[in-house]
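Please look over the model below.

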Amino acid sequence: MDKVLNVAYLGDAVYELYIRNFLLTLNIANSGDLQKRSLDYVSARSQRYHLENLINKNILTEEELDIIRKGRNAKGTKCKSTDIITYRIATGLEYLFGILYIRKDMGRIEELISHIVE
């Protein structure tokens with residue numbers, strides 16, 4: 001497996017952990033409801049939507065945009081639940097979160113998550 005995809009795999013877990021933590025602050029009691037709400041953030045389609053919003057609002061730095069491009073262009077497996085473009089864009093977001101986690105830049109992770117969930 002490509003090293004970029006390994007980092008994106010890690011970033012996917014980091015991203016989902018922060019989203020789950022956010023959802024728990026909403027005091028949703030039913031785990032099924034939590035799972036349904038999580039799809040607003042963690043599916044490839046929703047990740048693409050949130051990444052495009054970050055880009056359109058000029059939240060990301062040039063370096064972060066370069067990181068996303070590298071993640072988006074990684075060669076890997078195809079997702080069965082969405083089209084290849086959406087999958088690659090989502091991979092770019094996951095790669096960014098993986099890089100930020102490896103750099104121990106939790107402040108930036110939290111800042112991006114706050115923009116995503118606002």
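## Terms and basis

Buried means under 20% relative accessible area, exposed means over 50%, and partly exposed lies in between, with a 1.4 Å probe and protein chains only. By that scale Arg-37 is partly exposed, with a relative accessible area of 33%.

This is a predicted model: local features need pLDDT of at least 70, side-chain atom pairs count only at pLDDT 80 or more, and totals for chains, interfaces and linings use all residues. Residues are numbered from 1 along each chain as its sequence is written, and side-chain values use heavy atoms, leaving out hydrogens and water.

## Overall fold

The chain has six helices and zero strands. Helices (H or I, at least four residues) and strands (E, at least two) are DSSP runs, numbered from the N terminus. The pattern along the sequence is α-α-α-α-α-α. The radius of gyration is 14 Å, close to the 13 Å that the globule rule gives for 118 residues, so the chain is as compact as a globular protein of that length. That radius is taken over C-alpha atoms, and the rule is 2.2 Å times the number of residues to the power 0.38. The C-alpha trace spans about 40 × 30 × 25 Å along its principal axes.

Buried residues make up 42% of the 118 residues. Take contacts (heavy atoms within 4.5 Å) between residues at least 6 apart in sequence: 68% join residues at least 24 apart.

## Aromatic pairs

The structure holds two aromatic pairs. Rings of Phe, Tyr and Trp (its six-membered ring) pair if their centres lie within 6.5 Å; planes under 30 degrees apart count as stacked, over 60 as edge-to-face and the rest as tilted. The ring centres of Tyr-15 and Phe-97 are 5.2 Å apart and their planes lie at 65°, so this pair is edge-to-face. It links distant parts of the chain: Tyr-15 is in helix H1 (residues 3-24) and Phe-97 in helix H5, 82 residues apart. Tyr-15 is buried at 1% relative accessibility. Phe-97 is buried too, at 0%.

Phe-22 and Tyr-41 also pair edge-to-face, at 6.0 Å centre to centre and 80° between the planes. Phe-22 lies in helix H1 and Tyr-41 in helix H2 (residues 31-42), so the pair ties together parts 19 residues apart in sequence. Tyr-41 is buried, with a relative accessible area of 9%.

## Salt bridges

A search of the whole structure finds eight salt bridges. Each is a side-chain nitrogen of Lys or Arg within 4 Å of a carboxyl oxygen of Asp or Glu. Asp-40 and Arg-37 form one of them, at 3.7 Å, N to O. These two are three residues apart in helix H2, so about one helical turn separates them. Asp-40 is partly exposed at 43%.

Glu-118 and Lys-57 meet at 3.4 Å, N to O. Glu-118 lies in the segment after helix H6 (106-117) and Lys-57 in the loop between helix H3 (44-56) and helix H4 (62-72), so the bridge ties together parts 61 residues apart in sequence. Glu-118 is exposed at 64%. Lys-57 is partly exposed at 48%.

Arg-103 and Glu-63 meet at 3.0 Å, N to O. Arg-103 sits in the loop between H5 and H6, and Glu-63 in helix H4, 40 residues apart. Salt bridges that share partners join Glu-64, Arg-108 and Glu-111 into one network.

## Surface

The accessible surface comes to about 7,200 Å², of which 52% belongs to carbon and sulfur atoms. Accessible areas come from the Shrake-Rupley method with a 1.4 Å probe; for residues, only the protein chains shown count as cover.
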